[in-house]
Amino acid sequence: MKVVIVGHRAFDSYEYNLSDSFRALGHTVSIVDITDVLPVSARLNYWASRFLESYDRVVSVRLAHKVASVQTDLVLVVYRNLHPLIVKQLKEHVAGVPIVQMNPDALSNLEKQQIIAAEFDYYFSKEPYIVDFLRNKVGANAHYLPEGFNPRIHQKPTVEKSVAEWLTNIDVLVFGNLYAYRARMIELLMRAGIKVAVYGVEGPYLRPMVRTAFRQKYLVGAEKNRLLYGAKIVFNNFHYAEVTSVNQKYFEINAIGGFQLSDYKPTIDEYTGVPADLVTYKSIDEAIDKIRHYLAHPRERYALTSRQYAHFQQYHSLDLRVRQLIQTVGMSSLSLMKDR
C-alpha cells in the first residue's frame, strides 16, 4: 500500500515515526511538508498562515497538488493548522482515497479549529474526551488511537540499569518544551531539595532557579535513550490540556526502560503494566514524596521498570497503532497486497 503523510519530516517527530512504522509493515511512504511547496521556513509559514487567509489557501492548494503527484492509497494529515480547503482539494485530486486526520496534540492546540471545519473521512485522536466530542457533538467519524513508541529508535541500552545510573549520575530528569507550567513544577521539586537535570527547548518566562538546572540540550536518538535509561527517575508532567490523555514521551520512557513517575490520567489505567498509583502522582506533594521514596529504594525502581518495559514492548509500539489504524479505515486487505 502507498501512503502519503502531510506533516513534519524531522527525525523522531510523530510523522517520522509513523512513516517508519508503515515502512516496517511493508508499505511505501512519502512525507509531504510545507517546505516542499514554498521557499519559507515552517515558522514563517505558520505566522503568515495565521493572519493571511489568501496565503493560507495557496499553501493548501499547493500541498494538495503535491500529494496528487504521488500515487497513493491513503493520505494522513498530521498538521492541524492547514486551511480546511486542503481536504476539498485532496478529494478532487485523489478521489476515493481515504483522507485521515491524525491529531497528536492536546486540545489546546487546535488553533482555529481547522481540522473540525474540514471534511476528513476519519479523525484519530489520543484524547478520549475530544473523540467523544467529535463523534457525538459534531457528527465526525472520530476514533481513539493512543500514541506509541518507535521500536527501531526508542531502545533500551544494553548496560545494566544500576551501572547506567552510576554512569549518568542524575537523580531526576525532566525533558521537553519548558513551558511555564512545567518550569514551575520543576522549581517546586528543586525547592524540596531534589536534584533535577532539565533538558529540552527553552520556553518564555523561564524561572531563574530552573535555569540553573537547564542543560540547554534537546534530547534525541541514542543520547536520549542513554539519559532516560540512566536517570534514576524521569519526571513526566503532562500539559494541563491533556484532559484524560498522555504525551508521546510517556510511551517512549517506558519503552526505553527508564523509571517514569508521571502525572495521573485515567488512560494510564489502560496503558500501564503495573498498578497506576505506584508510578503516578496527583499532586506535587505526592510527587515529591514518591521521588524521595524511590531514590531510597532502587530495587523497587528496577522491579517496576522491568515490568513496564516488558508490557510496553508487547502492547504499545507504533507498529501496533498503525495496524489498528489500517484496520479501522478498512484497508487491511489492501495492506496485505504488494505495492503495485
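# Close-up views of a predicted model

View 1. Not counting residues up to four places away in sequence, Leu82 touches Val6, Ile34, Ser60, Leu63, Val77 and Gln114. Leu82 is also among the residues with the most contacts inside the largest nonpolar core, together with Val6, Leu63, Val75, Leu90 and Phe120.

**View 2. The largest nonpolar core, with 30 residues.** Two or more residues of this core come from each of strand 1 (2-6), helix 3 (53-68), strand 3 (74-77), helix 4 (85-93) and helix 6 (128-137). Helix 3 gives the most, with four residues. In soluble globular proteins, nonpolar side chains tend to be buried together.

**View 3. A second, separate core of 28 residues.** Its members include Tyr181, Met190, Val279 and Ala287.

**View 4. Contact between helix 8 and helix 13.** Two packed helices are described by the angle between their axes and the distance between the axes. Here the axes of helix 8 and helix 13 (residues 284-296) come within 10 Å and cross at roughly 50°. That angle makes helix 8 oblique to helix 13. The crossing of helix 8 past helix 13 is right-handed. Helix 8 contributes Met185, Leu188 and Leu189 to the contact, and helix 13 contributes Ile284, Ile288 and Ile291.

**View 5. The salt bridge between Arg301 and Glu165.** The structure holds 20 salt bridges, and in this one the closest N and O atoms are 2.6 Å apart. Arg301 belongs to helix 14 (residues 298-315) and Glu165 to helix 7 (residues 161-168), so the pair ties together parts that are 136 residues apart in sequence. Arg301 and Glu165 are both buried.

**View 6. The salt bridge between Asp171 and Lys232.** The N to O distance between these side chains is 3.2 Å. Asp171 sits in the loop between helix 7 and strand 7 (172-178), and Lys232 in the loop between helix 10 (221-230) and strand 9 (233-236); the pair links distant parts of the chain, 61 residues apart. With a relative accessible area of 16%, Asp171 is buried. Lys232 has a relative accessible area of 24% and is partly exposed.

**View 7. The salt bridge between Arg207 and Glu187.** The closest N and O atoms of this pair are 2.7 Å apart. Arg207 lies in the loop between strand 8 (196-202) and helix 9 (208-211), whereas Glu187 lies in helix 8 (residues 180-191), 20 residues apart. Arg207 counts as partly exposed, at 27% relative accessibility. Glu187, at 8% relative accessibility, counts as buried.

**View 8. A network formed by Asp12, Lys224 and Glu252.** Salt bridges that share partners join these residues into one network.

**View 9. Helix 1 and its cover.** Helix 1 (residues 14-24) has 11 residues, and eight of them are buried, so this helix is largely enclosed by the rest of the structure. The buried residues are Tyr14, Glu15, Asn17, Leu18, Ser19, Asp20, Ser21 and Phe22. Their cover includes strand 1, strand 2 (28-32), strand 3, strand 4 (99-103), helix 11 (248-256) and helix 15 (318-328). After helix 1 comes Gly26, which has a positive phi near 100°.

Notes:
Residues numbered from 1 in each chain as written. Predicted model: local features only at pLDDT ≥ 70, side-chain atom pairs only at ≥ 80, totals over all residues. Heavy atoms only, no water. Core = buried A, V, L, I, M, F, W, Y, C linked by side-chain atoms within 4.5 Å. Buried < 20%, exposed > 50% of the residue type's maximum accessible area, 1.4 Å probe, protein only. Contact = heavy atoms within 4.5 Å. Salt bridge = Lys/Arg side-chain N within 4 Å of Asp/Glu carboxyl O. Axes fitted to C-alpha atoms, helices over the stretch in contact; angles between N-to-C directions. Parallel < 35°, antiparallel > 145°, perpendicular 65-115°, else oblique. Left-handed = near helix turned anticlockwise from the far one by under 90°.
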